[in-house]
Amino acid sequence: AAESIFDRIILLAPEDPVGYFFKAALYQAEMVDYESNFLENEFYENVNMAKKLATERIKSDKEDAWAYLLLGNAYGSKGLYDARKGNWWSGLNSGLSAKSSLNKALECNPELYDAYVGLGSYHYWASVVTKAFWWLPFFGDHRKEGIQQITLAYEKSIFSSDAAANALIWMYIQEKKLDSALSLSEKMQAKYPQGKSFLWGVAQAYYEKRDWKNA
């Protein structure tokens with residue numbers, strides 16, 4: 001159902017990166033749900049198209065905050081996918097490109113809180129995977145900053161509040177703040193009772209609490 005809507009967006013606005021970005025995000029979510037890379041080609045095709053079209057928009061208007069947001073999110077999605085496959089350095093490089101574009105989006109529009117989803121995710125998870133290098137220059141522990149940015153996105157973003165909630169749940173689980181993770185997971189699951197995305201968070205929080213029956 002989501003794919004048909006995104007196909008219609010592309011049909012109506014083929015030069016706009018947004019339809020391609022959402023299709024890439026859809027394929028990424030589907031692959032996570034099935035724990036399979038079966039849509040990898042389609043994912044890369046759409047994420048690369050989103051990057052291309054967003055870059056073209058920026059060339060036409062250097063103050064286009066939404067184009068920077070979409071470019072940053074496209075880089076972020078690619079970085080996350082690469083990191084999940086074990087390509088950590090490729091993931092970090094894409095993450096750095098995402099960070100740069102999202103910061104530029106906020107320069108153009110400081111109230112574009114949707115940009116904090118990608119920034120918060122980058123600051124948190126880049127810190128987690130580079131923990132062994134915190135003592136080196138340019139590295140460090142930015143997990144607290146990441147959680148603060150994701151929380152801001154959850155509270156104030158226009159389109160990305162639910163995505164920020166999902167990201168925040170997994171940060172809480174990583175930090176062993178299991179009651180917070182469970183509370184937010186159950187709140188979001190109640191909002192989407194037919195969906196599975198937040199049900200994963202509920203299950204994982206119970207599992208980490210060693211509550212096998214509920215898990």
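Arginine 210 lies in the segment after helix H10 (197–208), where helices (H or I, at least four residues) are DSSP runs numbered from the N terminus. The model is predicted, so local features need pLDDT of at least 70 and side-chain atom pairs count only at pLDDT 80 or more, while totals for chains, interfaces and linings use all residues. Residues are numbered from 1 along each chain as its sequence is written, and side-chain values use heavy atoms, with hydrogens and water left out.

Most residues other than glycine have a negative phi. Arginine 210 has a positive phi, near 65°, and is not a glycine. Its relative accessible area is 60%, so arginine 210 is exposed; exposed means over 50%, buried under 20%, and partly exposed in between (1.4 Å probe, protein chains only). Glutamate 35 also has a positive phi, of about 50°, although it is not a glycine. Glutamate 35 sits in the loop between helix H2 (17–34) and helix H3 (40–60). With a relative accessible area of 68%, glutamate 35 is exposed.

**Helix H2**

H2 has 18 residues, which at 1.5 Å a residue should span 26 Å, and its end C-alpha atoms are 26 Å apart, which agrees. The expected span is 1.5 Å times one less than the number of residues. The buried residues of H2 include Pro17, Tyr20, Phe21, Leu26 and Met31. Among the elements that cover the buried residues of H2 are helix H1 (2–12), H3 and H4; contact means heavy atoms within 4.5 Å.

**Helix pairs**

Two packed helices are described by the angle between their axes and the distance between the axes. Axes are lines fitted to C-alpha atoms, for helices over the stretch in contact, and angles run from 0 to 180 degrees between N-to-C directions.

| Pair | Angle between axes | Distance between axes |
|---|---|---|
| H4 and H5 (residues 88–108) | roughly 165° | within 7 Å |
| H5 and H6 (residues 115–129) | about 145° | 9 Å |

The crossing of H4 and H5 is left-handed, meaning that the near helix is turned anticlockwise from the far one by less than a right angle. The residues in this contact of H4 with H5 divide into 11 nonpolar, 9 polar and 3 charged. Here Ala, Val, Leu, Ile, Met, Phe, Trp, Tyr, Cys and Pro count as nonpolar, Asp, Glu, Lys and Arg as charged, and the others, Gly among them, as polar. The H4 side includes Tyr68, Leu69 and Gly72, and the H5 side includes Trp88, Ser94 and Cys108.

H5 also passes H6 in a left-handed crossing. The contact of H5 with H6 divides into 11 nonpolar, 4 polar and 1 charged. Among its residues are Leu92, Leu96 and Leu106 in H5, and Tyr116, Leu119 and Val129 in H6.

**Two single residues**

Tryptophan 66 belongs to helix H4 (residues 65–84) and is partly exposed, at 34% relative accessibility. Leaving aside residues up to four places away in sequence, tryptophan 66 touches Arg57, Leu112, Ile158 and Phe159. Its C-alpha atom is 8.9 Å from that of asparagine 109, 43 residues apart along the chain.

Glutamine 189 is placed in helix H9 (residues 178–191). Its relative accessible area is 13%, so glutamine 189 is buried. Not counting residues up to four places away in sequence, glutamine 189 touches Gly195, Phe198, Leu199 and Val202.

Technical notes
Helix = DSSP H or I, 4+ residues; strand = E, 2+ residues; numbered from the N terminus.
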